[in-house]
Structure formats: C-alpha cells, structure tokens
Amino acid sequence: MGLKEDFEQFTVKAKTLPENTTNRPGMFNMKDRAKWDAWKAVEGKSKDEAMNDYITKVKQLQEEAAAAK
C-alpha cells in the first residue's frame with residue numbers, strides 16, 4: 001500500500017476511536033490558542049510528513065484505546 005492509501009485507511013480508523021472527554025481550562029480562550037499553537041507546530045511540514053505523523057498518531061491512539069478496555 002502507498003502512503004496515500006495508508007493515510008485514507010487511517011482517517012477512517014481515526015473516526016472509530018473513542019472521543020476525548022477531557023476538559024481543558026477555558027480561561028482566556030485557551031482552546032483557540034492551543035489550536036493556533038498546534039497549527040504553527042506543523043507549519044513547515046510536507047504533505048508526506050504530515051500524513052506519516054497522522055498514521056503514527058492514530059496507531060498510538062488505537063493501542064491506548066485497546067489497552068484501556
């Protein structure tokens with residue numbers, strides 16, 4: 001399988017993961033600030049790097065979800 005096919009497969013798998021129910025502090029719009037920081041952290045990545053990182057993260061989340069059962 002190629003990178004694009006792997007990426008598409010893992011985007012489907014990501015939708016089956018349990019929702020994150022942790023709450024973050026809402027003081028001074030921290031949610032939007034965290035989103036902005038996250039986007040800035042990946043600003044210079046290539047499309048292939050971003051897809052590989054996404055696949056790795058979904059695999060990690062799947063393992064954590066399986067261990068929590």
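These legends accompany close-up views of a predicted model.

**View 1. Overall fold of the predicted protein.** The secondary structure comes to three helices and zero strands, where helices (H or I, at least four residues) and strands (E, at least two) are DSSP runs numbered from the N terminus. Along the sequence the pattern reads α-α-α. Of the 69 residues, 9% count as buried, meaning under 20% relative accessible area with a 1.4 Å probe and protein chains only. Residues are numbered from 1 along each chain as its sequence is written. Local features need pLDDT of at least 70 and side-chain atom pairs pLDDT 80 or more, while totals for chains, interfaces and linings use all residues, and side-chain values use heavy atoms, without hydrogens and water.

**View 2. Packing of helix 1 against helix 3.** Helix 1 (residues 3-14) and helix 3 (residues 47-68) pack at an angle of about 40°, their axes lying 9 Å apart; axes are lines fitted to C-alpha atoms over the stretch in contact, and angles run from 0 to 180 degrees between N-to-C directions. The two helices are therefore oblique to each other, a class left after angles under 35 degrees (roughly parallel), over 145 (roughly antiparallel) and 65 to 115 (roughly perpendicular).

View 3. Ile 55 touches Leu 3, Asp 6, Phe 7 and Phe 10, not counting residues up to four places away in sequence, with contact meaning heavy atoms within 4.5 Å.

Technical notes:
Buried < 20%, exposed > 50% of the residue type's maximum accessible area, 1.4 Å probe, protein only.
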